[in-house]
Amino acid sequence: MDKQQYSSSPCSSESTDHMPLFKLLAFTMAGFLTIMTETMPAGLLPQISQGLQISQAQAGQLISIFAFGSAVAAIPIIYLTQSCNRRPLFLVAIAGLFIFNSLTALSDHYWLTLIVRFVGGMCAGIIWGLLAGYARRLVPTHLQGRALAIAGVGQPIALSLGVPLQTALADTAGENADIAQSMLVTVFNFAIACGGFVGGYLLEHYGAKIFPSSMLIFILFSLVIVCLGKKHGFKIGHRPSKQH
């Protein structure tokens, strides 16, 4: 990764223990806004269904389509913009969230709202694809885990607990950490989107009583995946002392 992409930050410094708190808090706020944008409809399903004259299951798809947009955009956009300065790209994505959130609030048509949410999700995918790598480059190697924790404070507890995964992923990917992070974002948001689609289908056809048994199946499946990936997910040994 060309460090000129991050020329606005002291990302290559290995000789200082300085923690750029205010810069990291900017990423904290970006993560907070992205999560709020993605999940807020979950607490407003009755109001959304009434306002758009749709079922609550259909209203829940506003979360699924946002996550699907993130999954679709993260890898290709991050890959195609590797040679671009990351700051303008990050700011464009933040501005996109503002614009498409405003359009969502003004829209009174279900399909238009879905389209706007999808594009907003694409902006979120860019943010998630850049956030971890950018935050890591602001600090020396031994402070990168702490920097990611600060940048993740604005995210839900589940994402904050995922900091070790992001660190291990970036260490393995080296200079291609942004691409690796975009892959994580894609899988994560694809799972959210599929969960929303499947949940809406089950709710419509079988009711809420089906959720406990179906969730048990998904949990067992997840445990199998984690066990299979345990050996390769967190390799034993020292982390590299430099980012190239």
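User: Hi! What kind of model is this, and how are residues numbered?
Analyst: It is a predicted model, where local features need pLDDT of at least 70, side-chain atom pairs count only at pLDDT 80 or more, and totals for chains, interfaces and linings use all residues. Residues are numbered from 1 along each chain as its sequence is written, and side-chain values use heavy atoms, leaving out hydrogens and water.

User: Thanks. Where does Leu21 sit?
Analyst: Leu21 is in helix α1, residues 21-39. Helices here are DSSP runs of H or I with at least four residues, numbered from the N terminus.

User: Is Leu21 buried, exposed or partly exposed?
Analyst: Leu21 counts as partly exposed because its relative accessibility is 41%. Buried means under 20% relative accessible area, exposed over 50%, and partly exposed in between, with a 1.4 Å probe and protein chains only.

User: How do α1 and α3 pack?
Analyst: The axes of α1 and α3 (residues 56-80) are 8 Å apart, at an angle of about 135 degrees. Axes are lines fitted to C-alpha atoms, for helices over the stretch in contact, and angles run from 0 to 180 degrees between N-to-C directions. That angle makes α1 oblique to α3; under 35 degrees is roughly parallel, over 145 roughly antiparallel, 65 to 115 roughly perpendicular, and the rest oblique.

User: Which residues meet there?
Analyst: From α1, Thr34, Thr37, Glu38 and Thr39 meet Ile63, Phe66 and Ala67 of α3. Contact means heavy atoms within 4.5 Å.

User: New topic: how many residues has the largest nonpolar core?
Analyst: It has 29 residues, and Met19, Leu24, Phe27 and Ile127 have the most contacts inside it. Such a core is a set of buried Ala, Val, Leu, Ile, Met, Phe, Trp, Tyr and Cys residues joined through side-chain atoms within 4.5 Å. Helix α5 (110-137) gives the most to this core, with ten residues.

User: And what does Phe27 touch?
Analyst: Not counting residues up to four places away in sequence, Phe27 touches Phe90, Leu131, Tyr134, Leu138 and Ala151.

User: What about Thr113, buried or exposed?
Analyst: Thr113 lies in α5 and counts as buried, because its relative accessibility is 2%. A polar atom of the Thr113 side chain lies 2.7 Å from the backbone oxygen of His109.

User: Last one: where is Gln53?
Analyst: Gln53 is in the loop between α2 (45-52) and α3. At 73% relative accessibility, Gln53 counts as exposed, and its phi is near 55 degrees, a positive value in a residue other than glycine.

Conventions
Helix = DSSP H or I, 4+ residues; strand = E, 2+ residues; numbered from the N terminus. Polar contact = N/O pair within 3.5 Å; in protein donor to acceptor, adjacent residues only side chain to side chain.
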